[in-house]
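Biologist: I'd like to learn how to read a structure like this one. Could you walk me through it, feature by feature?

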Amino acid sequence: MPTSRILLWSGLAAAAGGAVLCALGWYGISGERFAERQLPYLASCTVPGAALLVAGAVLVGAAALLPVRPPEPRPPPPEETPPPSSDGPLLRVPEGTLAHRPDCPLVAGKAEAVPVGDAELAPCPVCEPWPP
């Protein structure tokens with residue numbers, strides 16, 4: 001979509017510039033009686049103005065032919081799960097040596113975390129489940 005917008009506005013600007021140059025060339029030519037005095041106006045205004053008109057028409061046509069893509073739908077925001085609380089039994093990971101609170105970032109949301117039970121574990125230095 002931005003490409004077609006750039007083409008459209010570029011084409012309109014080129015066509016407007018070409019129209020101004022053609023008008024200036026016509027005004028200059030209309031004031032001269034002899035053909036040899038009209039040639040500079042043709043060379044400097046009318047021919048470049050006509051070229052800009054054609055270029056503007058091509059750019060506007062290209063903008064009209066580009067497909068317009070609809071905006072991509074945004075996915076719905078993910079449903080938020082409640083944050084883990086520190087209430088509940090202490091947790092550990094299998095083969096782990098540390099006891100963690102349920103809200104410790106090292107075990108929160110991990111399905112493999114299991115209750116400590118009667119295992120002899122050291123306290124986690126992050127969540128500090130009990131005072132040393």
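**A patch on the surface**

Modeller: Let's start on the outside: Leu 8, Trp 9 and Leu 12 form a nonpolar patch on the surface, and together they have about 310 Å² of accessible area. Keep in mind that this is a predicted model.

Biologist: Where is Leu 12 found, and is Leu 12 buried, exposed or partly exposed?

Modeller: Leu 12 is found in helix α1. Its relative accessible area is 40%, so Leu 12 counts as partly exposed, because that class runs between 20% and 50%.

Biologist: Which residues does Ser 4 touch, leaving aside its neighbours within four places in sequence?

Modeller: Ser 4 is found in helix α1 as well, and that helix covers residues 2-30. Beyond those neighbours, Ser 4 is in contact with Ala 63 and Leu 66. Ser 4 counts as buried because its relative accessibility is 15%, and the cut-off for buried is under 20%.

Biologist: Let's step back to the whole chain. What order do the elements of the chain run in, from the N terminus on?

Modeller: The order is α-α-β-β-β-β, which gives two helices and four strands.

Biologist: How does the radius of gyration of the chain stand beside that of a compact globule of 132 residues?

Modeller: The chain has 38 Å, whereas a compact globule of 132 residues would have a value near 14 Å. The C-alpha trace tells you about the shape too: along its principal axes it spans about 110 × 30 × 25 Å. Buried residues make up 18% of the 132 residues. As for the accessible surface, it comes to about 10000 Å², and 66% of that belongs to carbon and sulfur atoms.

Biologist: And the inside? Which residues make up the largest nonpolar core?

Modeller: The general idea first: in soluble globular proteins, nonpolar side chains tend to be buried together. Here the largest nonpolar core has six residues: Leu 91, Cys 104, Val 107, Ala 113, Cys 124 and Cys 127. Take Cys 104 from that core: leaving aside its neighbours within four places in sequence, Cys 104 is in contact with Cys 124, Val 126 and Cys 127.

Biologist: Is His 100 buried or exposed?

Modeller: His 100 is buried, because its relative accessible area is 5% and buried means under 20%. You'll find His 100 in the loop between β2 (98-99) and β3 (114-115).

Biologist: How many salt bridges does a search of the whole structure find?

Modeller: The search finds one. In that salt bridge the side chains of Arg 37 and Glu 32 meet, at 3.5 Å from N to O. Arg 37 counts as exposed because its relative accessibility is 52%, and exposed means over 50%.

Biologist: One last thing, backbone angles. What is phi of Glu 95 near, and where is its place?

Modeller: Phi of Glu 95 is near 65 degrees, a positive value in a residue other than glycine. Its place is in the loop between β1 (91-92) and β2, and Glu 95 is exposed, with a relative accessible area of 80%. Glu 128 has a positive phi too, about 45 degrees, although it is not a glycine. Glu 128 lies in the segment after β4 (122-123) and is exposed, with a relative accessible area of 53%.

Note on methods:
Residues numbered from 1 in each chain as written. Predicted model: local features only at pLDDT ≥ 70, side-chain atom pairs only at ≥ 80, totals over all residues. Heavy atoms only, no water. Buried < 20%, exposed > 50% of the residue type's maximum accessible area, 1.4 Å probe, protein only. Contact = heavy atoms within 4.5 Å. Salt bridge = Lys/Arg side-chain N within 4 Å of Asp/Glu carboxyl O. Core = buried A, V, L, I, M, F, W, Y, C linked by side-chain atoms within 4.5 Å. Rg over C-alpha atoms; globule rule 2.2 N^0.38 Å. Areas by Shrake-Rupley, 256 points an atom, 1.4 Å probe, with all protein chains shown as cover. Patch = residues over 30% accessible without salt bridge, like charges linked within 9 Å, V, L, I, M, F, W, Y side chains within 5 Å.
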